[in-house]
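Dear colleague,

Please find below the structure that I am handing over to you.

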Amino acid sequence: MSSRTNQGRPRTAVHAAEIVREYGPFPGADKINGVTHDGQRVWAATGARLVAFDPESGEPTRTLACAGDAGTAFDGTHLYQIAESRIDKIDPATGDIVASIPAPGQGSDSGLTWAEGSLWVGQYRDRKIHQIDPATGAVIRTIETNRFVTGVTWVDGELWHGTWEGDDSDIRRIDPASGAVLEQLEMPRGTGVSGLESDGAGLFYAGGGTSGKVRAVRRPGRASNQEKGTS
């Protein structure tokens, strides 16, 4: 591990990302655009479909015919999926779209997650994360970061997001107030991060873009639910 310090900024802890497992590619899917976790299954947006798989067996368990161009989220009951310039609210039991709101980036949106009763939406090239009202799409606040934003996730009060620029990609924890980088997990060169979601414990699930894979990456200092013997 190394650390970096910018004058007046918190120290950044830098680690090599520990990829503990890979899933996919899945039948009929050649890319991963978004990832979420519903407490039991991992969901991956593959373009024309949402695919759910069991993280222990790696086997697909559900498929929904829903468009998914970017981030995916779960609020405990419904899935949310970025599709072009909108965010669809989806019943995971049926695949029905029960509501839609405008996406803040009007088509340039990337990551998506649910936390604190809000949706959090990454803006890739704008290097921003917006907290938005899930009922209206209205922007509540905006966090600026210093790299392109792909996937976004909150876990234990920590805000993490993926980055992907050229062959370089990482998963980083940032200060929600200042955007300062606090911790950084550097992926192997050429291994991109598209979607991102925590399992609520010791793992991140990171979409691998055009590789068609989802990668489980260890969260520093935490044991995963699988390692604890729970699901």
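How many nonpolar, polar and charged residues does the lining of the second largest pocket have? Please note, before the answer, that this is a predicted model. By class, 5 residues of that lining are nonpolar, 10 are polar and 2 are charged.

The second largest pocket has a volume of about 220 Å³. Of the 17 residues that line this pocket, N33, A70, S110, T150 and S194 are the closest to its centre. The most is given to the lining by strand β12 (residues 109–115), which provides 3 residues.

I would also draw your attention to an open sheet of 4 strands, whose order is β3-β22-β21-β20 and whose pairing is antiparallel. Its edge strands, β3 (19–23) and β20 (196–198), each pair on one side only. On average, and with direction ignored, neighbouring strands of this sheet are turned by 20° against each other. Strand β3 is joined by 4 bridges to strand β22 (residues 214–218), and the two run antiparallel. Within this pairing, I19 has V217 in β22 as its bridge partner.

Finally, T191 lies in the loop between β19 (181–186) and β20. Is T191 buried or exposed? T191 counts as buried because its relative accessible area is 12%, and buried means under 20%. Apart from its neighbours within four places in sequence, T191 is in contact with I19, D167, S169 and R215.

Yours sincerely

Methods: Residues are numbered from 1 along each chain as its sequence is written. This is a predicted model: local features need pLDDT of at least 70, side-chain atom pairs count only at pLDDT 80 or more; totals for chains, interfaces and linings use all residues. Side-chain values use heavy atoms; hydrogens and water are left out. On a 1 Å grid over the protein atoms alone, a cavity is a set of points where a 1.4 Å probe fits but cannot get out, and a pocket is an open set with protein on both sides within 12 Å along at least five of seven lines; lining residues have an atom within 4 Å of a point. Grid points are joined across faces, edges and corners, and a volume is the space filled by probe spheres set on the points. Ala, Val, Leu, Ile, Met, Phe, Trp, Tyr, Cys and Pro count as nonpolar, Asp, Glu, Lys and Arg as charged, and the others, Gly among them, as polar. Two strands pair if DSSP finds at least two bridges between them. Axes are lines fitted to C-alpha atoms, for helices over the stretch in contact, and angles run from 0 to 180 degrees between N-to-C directions. Buried means under 20% relative accessible area, exposed over 50%, partly exposed in between (1.4 Å probe, protein chains only). Contact means heavy atoms within 4.5 Å.
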